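Good morning, and thank you for joining.

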Amino acid sequence: MITENSNSDHNLDLKGTIREAILQPMDTQAYSTWLEIDLGAIRHNVKAIKRMTQTQVMAVIKANGYGHGVLQVAQAAIQAGATWCGVARMEEAINLRLAGIQAEVMVLGYTPPALIPEAIHHNIHVAIYDTEMARVYAEKGRERGGKLRAHLKVDTGMGRLGMNPNKAAEFLSDYKDHPVINIEGIFTHFARADEPGSGSAEGQLKIFNQLLDDLRQLGLCPDFVHAANSAAVVNFPQAFFDMVRPGIAIYGLHPSPETRLPPSFKPALSWKARLTSVRVLPSGHGVSYGSVYVTSGNERIGVIPVGYGDGYRRENGQQVLVGGQCVNIVGRVCMDQSMLQLDAVPDAKVGDEVVLLGSQGAATISAEDLADRWGTINYEVVCGFADRLPRLYKNK
Ligand SMILES: Cc1ncc(COP(=O)(O)O)c(C=O)c1O
């Protein structure tokens, strides 16, 4: 069954930004373009990661579940055995709690001090990577009352967020048995785990393991240790520790061209549309803004209701699938519409399904294919889908 993600009776706004989505049965015939997300594939991929790693799984579902729809992905991942959800921001974490997600939830990025009372109230783990930050969090927590659950993030080579490892022992000693902040975990993040030949992740692991040894000797090591993103799940079993933090792999997408998922993983997302017009234009007819494409004879030109307002790119040389065949997008991509050259599919008619990402018959356009064409990575492709694209769910 396919379900949709909006029902205005049940939507819930918090500070105008946070929405709870309730799933309702729906019919794809009612849509002209939509993302189709196979929750069975998400469950399958999470189970595969659990089997590979034999450790706890934090499903990384920031940025609306990498564009797939955060609540539906969270539910599927938890059903499949993920015990933690990882997000980038506190608003995302609170959204999960308001939707009734009871798994452990962690904010991997920065939390503004003003939201520390919310973190305590909703039992959300925060990342701490700076002594001043910890001092302010402690103050906020003391005012509110209760315990703040935190993980120390150390920078072993990513050069982004993280405490210098040589400051960690002093910090953890200052916060041992602290009345407000409970440092339950310690973690790091890899810069190049998808490049196994680079030696980079091994170097980071060496620093991290040395730190863990030192902390253990001092009796300061937090209970819970984690490091591995999807690429490390594939390449570095020695980085599994007490939990892995896969994002891209749970959606069935490859961490990079060098680090591919095992073949059993399944991509969860397809992007589909319907032909909204099919016409034969005479020779010499311009197609779309700027008439950069001009017909060179009688040409069958189709229209799909998809454009850069949906997260498609305004680029030349793109293709989609119609009738199981690859056809060219011709003329400029508009905000809401794009034109197709349909001479190779003479039977194509209004209402027929077009695949922008996914499979049709024997043909497939993957997120990696789109990323290649757009000069980016599959992560950016799926994160770039506009909110207005309906997300429809299969295999709930
Ligand atoms: C701290 C942290 N852990 C885990 C992940 C998941 O990474 P990936 O999607 O490559 O598995 C991310 C994503 O960027 C992250 O920032």
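In helix 7, residues P165, A168, A169 and L172 meet I207, L211 and L215 of helix 8, where contact means heavy atoms within 4.5 Å. Before going further, please note that this is a predicted model, in which local features need pLDDT of at least 70 and side-chain atom pairs count only at pLDDT 80 or more, while totals for chains, interfaces and linings use all residues. Residues are numbered from 1 along each chain as its sequence is written, and side-chain values use heavy atoms, with hydrogens and water left out.

Helices (H or I, at least four residues) and strands (E, at least two) are DSSP runs, numbered from the N terminus. Helix 7 covers residues 165–174 and helix 8 covers residues 200–217; their axes lie 10 Å apart, at an angle of about 25°. That makes helix 7 roughly parallel to helix 8. The axes are lines fitted to C-alpha atoms, for helices over the stretch in contact, and angles run from 0 to 180 degrees between N-to-C directions. Angles under 35 degrees count as roughly parallel, over 145 as roughly antiparallel, 65 to 115 as roughly perpendicular, and the rest as oblique. The crossing of helix 7 and helix 8 is right-handed; the term applies if the near helix is turned clockwise from the far one by less than a right angle, and left-handed if anticlockwise.

What classes of residue make up the contact of helix 7 with helix 8? There are seven nonpolar, no polar and no charged residues. Here Ala, Val, Leu, Ile, Met, Phe, Trp, Tyr, Cys and Pro count as nonpolar, Asp, Glu, Lys and Arg as charged, and the others, Gly among them, as polar.

Helix 1 contributes L39, I42, R43 and V46 to the contact, and helix 3 contributes Q72, V73, A76, A77 and Q79. By class, the contact of helix 1 with helix 3 comprises six nonpolar residues, two polar and one charged.

Seven of its 10 residues are buried, that is, under 20% relative accessible area, with exposed meaning over 50% and partly exposed in between (1.4 Å probe, protein chains only). The buried residues are V70, L71, Q72, V73, A74, A76 and A77. They pack against helix 1, strand 4 (56–60), helix 2 (62–66), strand 5 (84–87), helix 4 (90–98) and strand 22 (391–394). After helix 3 comes G81, with a positive phi near 115°.

Helix 1 also contains G40. G40 and K394 are 354 residues apart in sequence, yet 7.4 Å apart in space, C-alpha to C-alpha. Leaving aside residues up to four places away in sequence, G40 touches K394 and N395.

I now come to the salt bridges. Taking a salt bridge as a side-chain nitrogen of Lys or Arg within 4 Å of a carboxyl oxygen of Asp or Glu, the count comes to 13. One of them joins E132 and R135, at 2.8 Å from N to O. These two residues are three apart in helix 6 (residues 131–144), so about one helical turn separates them. E132 is partly exposed, at 41% relative accessible area, and R135 is partly exposed at 41%.

Helix 8 holds another such pair: D213 and R216 are three residues apart, about one turn of the helix. Their closest N and O atoms are 3.6 Å apart. D213 is partly exposed at 40% relative accessibility, and R216 is partly exposed at 47%. In general, an α-helix has 3.6 residues a turn, so residues three or four places apart point the same way.

E184 and R149 form a salt bridge in which the closest N and O atoms are 2.7 Å apart. This pair links distant parts of the chain, with E184 in strand 9 (residues 181–187) and R149 in strand 8 (residues 148–153), 35 residues apart. R149 is partly exposed, at 22% relative accessibility.

Finally, T376 lies in the loop between helix 10 (367–374) and helix 11 (378–383). T376 counts as buried, at 18% relative accessibility.
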